[in-house]
Structure formats: C-alpha cells, structure tokens
Amino acid sequence: MKRAAFGQIGFPILLLIPQLVIIAIFFYWPAGYAIQSSFYLQDPFGFGSTYVGLENYSRLTTSRTYLSSFWFTVIFTTLVTFFSLAIALLLAVKADKVIRGAKTYRTLLMWVYAIAPPVAGLMGVMLFDQSRGNITQVLANFGYDYRLGVNYWDTAAAMITVSIWKQIPVNFIFFLSGLQAIPKSVREAALIDNASGTSRFWDITFPLLAPTGFFLLIINITYALFDTFGIVDTIVKGEPGNNPMTLVYRVFVDGFRGGDLGGSSAQSVVLMVLVLILTVVQFRFLERRIHYT
Amino acid sequence: MKIIKIAATAAFGLTATGSFAETEITFWHAMGGQLGETVNQVAKDFNASQDEYKITPVFKGSYEETLTSGIAAFRAGEQPNIIQVFDAGAATVIGAAGAVIPVEDLLEENKLDFDINDYIAGVRYFYADADGKMIGMPFNSSTPILYYNQDALDAAGVTAPKTWEEFAEVTGPALKEAGYIPLSQSHLPWIFTENFFSRHNLQFASNDNGYTGLDTQIMVNHPAIKAHFQALTEWKEAGLFEWYGTGWSDNQDPFESGEVAMWLGSSGSFGGIQDRVEFNFSATMLPYWEGVTTEPTQTFIGGAALFAMSGHDEAENAATAAFFDFLASADTQVMWHKETGYVPITTAAYELAAEQGHYKEFPAAEVGIQQLSLPGGDYTRGYRMGFYVQIRDVMNREYGRILTGEASVDEAFEIIETEANDLLSRFAQTQG
C-alpha cells in the first residue's frame with residue numbers, strides 16, 4: 001500500500017482537530033466527570049456532596065438486583081446479537097438468490113431500519129399487550145397465558161423479540177453487500193468442486209463474509225448493550241417494577257429517575273470498563289482468525 | 001451584514017417590548033391527557049385575568065421525568081419558575097434548601113394573603129417543613145379511593161365494602177359469582193403501603209415519619225401490612241383480586257372495560273373515568289382492616305405540589321406569587337376540582353363546590369375530600385423520606401415478586417426494609 005506523506009506535522013493535526021474536539025467534549029470530558037462523581041455521594045441539586053471512596057462500587061457487588069441485571073444483560077445481549085445476525089444472514093443469502101423483483105424484496109426487508117427504537121418498543125407494547133395484543137391472543141390460542149409487565153420472562157421475551165426485529169435490517173444490508181462483493185469466479189469454481197449448497201456456504205461464502213460478520217458482531221453487541229434503551233423503556237412503560245432491566249437502563253433508573261448520581265456514575269464506569277474489556281478481547285482473539293481480502 | 005443587523009434589531013426590539021409589557025414565567029408539570037388540557041385552561045384563565053404576567057405551562061412527562069428535568073435544569077441554571085413535584089419527590093426538593101423559595105415566604109414578600117389554616121386539614125402539612133411552614137403549594141391533591149361499577153355490584157347484589165373483612169367474605173365472592181374480577185389497584189406503594197399506614201394510623205418511619213431528622217429508619221416491615229399482602233396473594237389465588245403489573249393504566253383499563261368490578265385509584269382519576277366509561281360508577285373510601293383498627297383515620301394526600309424555584313429576579317417571583325394566589329382562589333380551585341376530581345385545597349373552595357351542588361350531582365367527587373377530612377392521628381400528616389422514588393421502585397419490585405409467587409411475604413418485606421434503610425442512610429450522607 002502506498003503511504004501519503006505530509007511535509008510537516010502541523011497540517012495533519014489541524015485536520016484532526018475537529019474530530020478530536022468532538023471526542024474530547026462528548027466522550028472524555030463526561031467520562032472523566034463520571035469517574036470523579038463515582039467517588040462521591042451527591043445531593044441531586046448539587047448543593048452538597050460527600051466523598052465516599054469506593055463505597056459506590058462495593059455496594060454494587062453486594063446488590064442482589066444489580067447482579068441479576070448484570071446476568072439479564074448478558075443473556076439479553078447474547079440472544080439479541082445471535083438471532084439478529086443469524087436471521088439477517090439467512091435473509092441476505094436468500095435475497096441474494098432472488099432474481100425477479102429483487103429490489104422490492106430488499107427494500108421491504110430494509111424498511112424496519114427507519115423505525116426509531118421507542119416507536120419499535122411501542123409497537124411491541126401493542127402487539128404484546130395484556131388484553132388487546134395480537135401476539136398475546138395468538139399465544140392464548142395455544143393455551144399460554146402471556147402477561148407483559150407481570151411475568152419477568154414474558155416481559156424479557158418481548159424486549160428481546162423487538163430488539164432483534166429492529167436490528168435485522170442493518171445486518172441484512174451489510175450481509176447482502178458482503179455477499180455481493182464475493183467474486184463470481186470464486187463462486188463458480190466452488191460450484192464445479194462441490195454440488196452441495198450447504199457445504200459451499202460454510203466452506204466458501206461464510207469465511208469470505210467473516211470481515212463483515214466481525215464488524216457486525218461488534219456493532220450488534222454495542223446495540224444490544226446501549227441502543228436498546230428506548231425499547232426497554234417503552235416496554236416497561238417507565239416503571240421498572242419487577243421487570244427485567246439492562247445495565248444501561250439501570251443507570252438511568254437509579255441515577256436520573258432515582259436521583260442517586262454517585263451510585264449511577266459508578267455503574268456507568270463499570271459499563272465503560274466492560275465495553276473496554278469486550279473490545280480488547282474481540283480484537284485480540286477474534287480478529288486474528290479473520291482474513292481480509 | 002446589514003440584513004443581519006436589521007434582523008437583530010428587530011428581534012431585540014420585539015423581546016424588549018415583550019418583556020416591557022408583561023413578565024413571562026414558565027411552569028413545568030406532569031399532567032398529561034385530560035389533566036394537561038385543564039392545566040392549560042387554568043394558565044389561560046390566569047393570563048386573561050390580568051396583563052402584567054404571562055405563564056407558559058410545559059408538559060415534561062411523568063412525575064419522575066418532570067423532577068429529573070427540573071433538577072438537571074437547575075444544575076445548568078436554566079430552571080423554570082414553577083415546578084410540579086410529586087409526593088415521593090418532596091424530600092428531595094425540600095431537602096435541597098436554596099433550590100426553592102417556600103411558598104409561604106414568597107406570598108408574604110409579595111404582600112399576598114397567606115394563612116395556612118385556610119387549607120383543609122389533610123392537605124396542610126404534607127409539603128411543609130418540620131416547623132409547619134408550607135414550602136410547596138399543594139396543587140393537584142388526591143388520595144386513593146375505591147371506585148366501583150354500580151351495575152356490577154347490583155348484579156351481584158352487594159354494596160361497596162367498608163372493610164377488607166367485608167370484601168373477603170361478602171363482596172369479593174359475590175362479584176366473582178356474578179362473573180367479574182372483583183378488584184384491581186394501580187399503585188401498590190402508594191395505596192397499599194403509604195396509605196395503608198395512614199388509614200390505620202400506624203407509624204411508617206422513625207423521626208415522626210421522617211419529618212424531624214435525617215437518620216430515619218423505615219418501619220414498613222410491620223405485621224399488619226404483611227398480613228394484608230398475605231391476604232392479597234390468597235385473594236389472587238381465589239380469583240378475588242388481579243394484578244396487571246406495575247403500570248398504572250394496565251390496572252385501570254380492565255375496570256373501565258367492565259371486566260374488573262372495583263378499582264383502587266386516585267381521586268384525581270374521576271374526571272378521566274367519567275369521560276370514558278359507559279356504566280354507572282361511584283366511589284367510596286379506602287377500605288380498612290377492622291382487625292387492625294376500629295377507628296380508621298385519614299389518608300395522606302398524594303398527587304403533587306408546586307414549588308417556586310429560586311434563581312429568578314424579583315419581577316418573575318412576583319409573577320409566580322400572583323399565579324399561586326390565583327391558583328389558591330376558590331373559583332380556580334372549584335374549576336380544577338370539577339374538571340379533574342383532584343380535591344379542592346382550601347375550605348373556601350370546598351364550601352363553594354358544595355354550594356354549587358357539585359356533590360349532589362356527583363357524590364363520588366366528594367369521597368376524596370371526605371377521606372382527607374377524617375380524624376387524623378399521630379402518623380397521618382405525611383412522610384418525608386429521601387431517595388423515596390428509589391424506595392418505591394424497590395417496593396414495586398418486591399411486591400411484583402410476591403404477586404408472581406417468586407418471593408414470600410416475609411422475605412420481600414425484609415428486603416424492602418434493608419434496601420430502603422440503605423437508601424435512607426445514603427440520602428442522609430448526600431445532605432451532610
């Protein structure tokens with residue numbers, strides 16, 4: 001690859017400044033502030049604050065509900081990431097084969113992407129509503145008494161389903177373009193060597209899609225961890241109650257709704273560290289096994 | 001360049017004349033739907049009643065969201081003149097001395113009449129400090145009452161229950177027999193916890209329910225309330241009671257659709273129900289346990305109060321004071337009371353509504369105020385606990401676990417006690 005060189009250091013820095021300023025203002029400054037306030041207990045209005053050292057952190061480790069939110073987040077993220085990737089991949093592979101009306105078919109699949117998370121959550125609430133929900137009625141026909149907002153796992157199922165549904169189009173678009181980028185010659189060569197569609201997919205197509213898949217994996221984990229906030233909030237109707245909560249939603253519930261800024265700062269620092277670890281692990285171990293062409 | 005200058009002068013000129021003519025103030029509230037429309041009407045009436053001041057009401061979402069926005073705005077120096085804060089947030093806002101101007105001081109500084117004895121007894125001291133000085137102006141005062149579907153009760157051949165014993169033995173089974181789900185309720189911490197304590201005159205927290213100190217301990221782990229929740233689980237098992245989750249309307253909707261015969265909600269729900277339901281309905285006081293007390297006492301006022309936020313100039317504070325004065329006037333109160341069902345906050349307003357024959361026409365509208373005017377006791381004035389929004393969240397979570405069979409009553413109440421006390425001691429630390 002050819003390297004472009006700058007004559008002096010000043011110009012590239014000048015070009016970088018807008019980006020750096022944005023990162024500093026919107027990431028480093030609030031992150032630093034969160035770390036600082038995680039060591040204090042603050043009056044919500046900002047009049048008084050007491051230094052409490054690591055107490056905000058230590059109480060998280062003993063809190064039964066924080067740990068249950070943690071495990072729920074792990075399950076939630078795993079399921080949402082896995083299913084939204086798997087279903088999108090399946091749809092992309094099938095859409096790739098469609099010849100007649102391909103554009104209409106693809107547009108229909110991408111449509112959902114335009115829906116805002118809270119709206120998606122609201123549609124979920126309507127579909128899963130206790131008395132009027134269509135899905136609730138379908139399940140009732142099978143003899144299952146589905147209770148959104150009452151039964152912990154029923155509510156969790158609605159959150160997971162809506163989150164998966166919302167994320168499929170993004171994954172679909174990337175997978176489809178990834179598939180279309182695979183050279184025709186490679187596919188034809190594979191077709192001569194092996195007649196089975198399934199093994200052609202796993203031996204040739206899937207490894208060639210890996211860079212796209214890896215990128216999407218990171219995007220999807222971040223989505224499940226953070227961007228599902230709006231869906232979770234609308235499904236529980238702003239009342240956490242005995243409903244499942246993701247860690248991000250908990251930061252909001254304890255900090256903004258409950259007024260405990262110190263405690264919720266500690267929670268967001270924990271989240272920051274988790275994301276940092278996750279990113280390092282992904283790049284260290286997963287990326288090595290991926291070959292970019 | 002020239003155009004910009006002209007535009008700037010024009011814009012400046014406009015605002016200058018605007019502020020010269022009238023002082024503008026903002027009012028953040030949490031009243032959605034039909035209630036929001038009535039708030040807008042009150043503001044409109046105020047603006048039309050004089051030409052010195054102009055108030056703009058802004059709907060900020062739920063009670064919790066409104067308080068959160070207010071706090072964030074205060075920290076950024078952008079606070080509204082008036083903010084509506086609900087019962088559970090009272091300790092937070094009253095604890096932050098300097099964030100608000102006590103309504104009593106505000107009115108007196110602006111030479112407007114104020115006498116705490118004009119306010120009805122149940123309303124008077126909830127939003128007051130330990131010395132009895134009114135800090136927040138009670139605005140939408142409500143209390144939990146029992147609404148019932150008259151047609152359903154007639155079909156079952158029963159009357160609304162006065163006590164929980166009567167419900168368990170007579171009303172509940174008869175309604176179930178008639179094909180109804182007898183009972184639902186919309187707010188377990190408010191109706192079945194806080195007001196359970198006041199209805200039976202039981203102490204809810206140390207330090208005089210939290211009014212006289214910060215080192216308060218909650219006394220929620222009480223045998224009477226545990227027996228009540230034990231009864232609830234049994235009623236649910238027997239089909240006498242249903243719980244539709246923590247959401248308020250999830251529990252109210254089945255009552256309005258006629259599936260549930262009796263519903264415990266807010267006296268402020270009256271206006272909305274009246275607009276929506278087709279069956280005959282009425283209301284009565286919150287039932288009590290005869291086994292716990294034979295002399296049931298008044299309940300706490302719920303709903304919310306208006307607080308004047310500090311950091312504004314004198315002209316704006318004068319406008320705020322004028323609005324408060326307008327709000328407390330009997331005419332405004334009666335209009336608000338009739339439209340929404342929230343109780344009138346002054347004796348004068350109550351008498352005026354009675355004079356106009358409002359209660360002859362709608363007996364259910366008087367239930368809330370009658371319940372608030374019942375004899376009080378040592379523990380019926382209210383409660384003051386910090387981080388109470390989080391404490392309610394803990395209660396909701398544990399009550400949900402009880403009613404879905406995930407936790408026993410004993411276990412859940414122990415958890416509530418421990419976690420609530422932990423939150424209270426944390427709140428005390430923030431104030432230190």
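A: The unreviewed UniProt entry lists, under "transmembrane region", residues 12-31, 70-93, 105-128, 164-183, 204-226 and 266-286 of chain A. The model itself is predicted, and two of these spans may be compared with it. Residues 70-93 of chain A are 100% helix and 0% strand, with 34 Å between the end C-alpha atoms. The span 204-226 of chain A is likewise 100% helix and 0% strand, and its end C-alpha atoms are 33 Å apart.

One pair of helices in chain A shows how its elements pack. Helix α4 (residues 102-110) and helix α7 (residues 152-180) of chain A have axes that come within 8 Å and cross at roughly 140°. At that angle α4(A) is oblique to α7(A). On the α4(A) side the contact is formed by R106(A), L109(A) and M110(A); on the α7(A) side it is formed by P169(A), F172(A), I173(A) and L176(A).

Chain A also touches chain B: 28 residues of chain A are in contact with 32 residues of chain B. On the chain B side, the elements that give two or more residues are α3 (63-75), α12 (248-256), α19 and α20 (409-431). Of these, α19(B) gives the most, with seven residues.

Domain 1 comprises 2-141 + 302-365, and domain 2 comprises 144-299 + 386-431. The centres of domain 1 and domain 2 of chain B, taken over C-alpha atoms, are 29 Å apart. Across the boundary, 20 residues of domain 1 of chain B are in contact with 20 residues of domain 2 of chain B. On the domain 1 side, α4 (90-95), α15 (330-340) and α18 (364-372) of chain B each supply at least two residues. The largest share of that side, three residues, is given by α4(B).

The largest nonpolar core has 136 residues, and V85(B), L146(B), Y147(B), A261(B) and F307(B) have the most contacts inside it. Helix α19 (residues 388-403) of chain B makes the largest contribution to this core, eight residues. Both domain 1 and domain 2 of chain B give residues to this core, so it lies between them. Another core, of 37 residues, lies apart from this one; A92(A), Y146(A), L148(A) and V232(A) are among its residues.

V85(B) illustrates the packing within the largest core. If neighbours within four places in sequence are left aside, V85(B) is in contact with L67(B), A90(B), V93(B), G136(B), A304(B), A305(B) and F307(B). Of these partners, F307(B) is also listed with V85(B) among the residues with the most contacts inside the core.

Seven of its nine residues are buried, so α18(B) is largely enclosed by the rest of the structure. The buried residues are A365(B), E366(B), V367(B), G368(B), I369(B), Q371(B) and L372(B). They pack against α6 (121-124), β6 (144-149), α13, β9 (281-284), α16 (347-355) and α17 (358-361) of chain B.

S267(B) leads back to this helix. S267(B) lies in the loop between β8 (260-266) and α13 (270-276) of chain B. With 30 C-beta neighbours inside 10 Å, S267(B) counts as buried. Not counting residues up to four places away in sequence, S267(B) touches S142(B), T143(B), I145(B), G341(B), Y342(B), V343(B), V367(B) and G368(B). Two of these, V367(B) and G368(B), are buried residues of α18(B). By contrast, the C-alpha atom of S267(B) is separated by 18 Å from that of Y119(B), which is 148 residues away along the chain.

Most residues other than glycine have a negative phi. D208(B), in helix α10 (residues 206-210) of chain B, has a positive phi near 55°. N209(B), also found in helix α10 of chain B, has a positive phi of about 60°.

Definitions and conventions
Residues numbered from 1 in each chain as written. Chains lettered and ligands numbered in written order. Predicted model: local features only at pLDDT ≥ 70, side-chain atom pairs only at ≥ 80, totals over all residues. Core = buried A, V, L, I, M, F, W, Y, C linked by C-beta atoms within 7 Å. Buried ≥ 20, exposed ≤ 12 C-beta atoms within 10 Å, placed from the backbone. Helix = DSSP H or I, 4+ residues; strand = E, 2+ residues; numbered from the N terminus. Domains from an automatic or database assignment. Contact = placed C-beta atoms within 7 Å. UniProt positions renumbered as here; feature names shortened; annotations may be inferred. Axes fitted to C-alpha atoms, helices over the stretch in contact; angles between N-to-C directions. Parallel < 35°, antiparallel > 145°, perpendicular 65-115°, else oblique.
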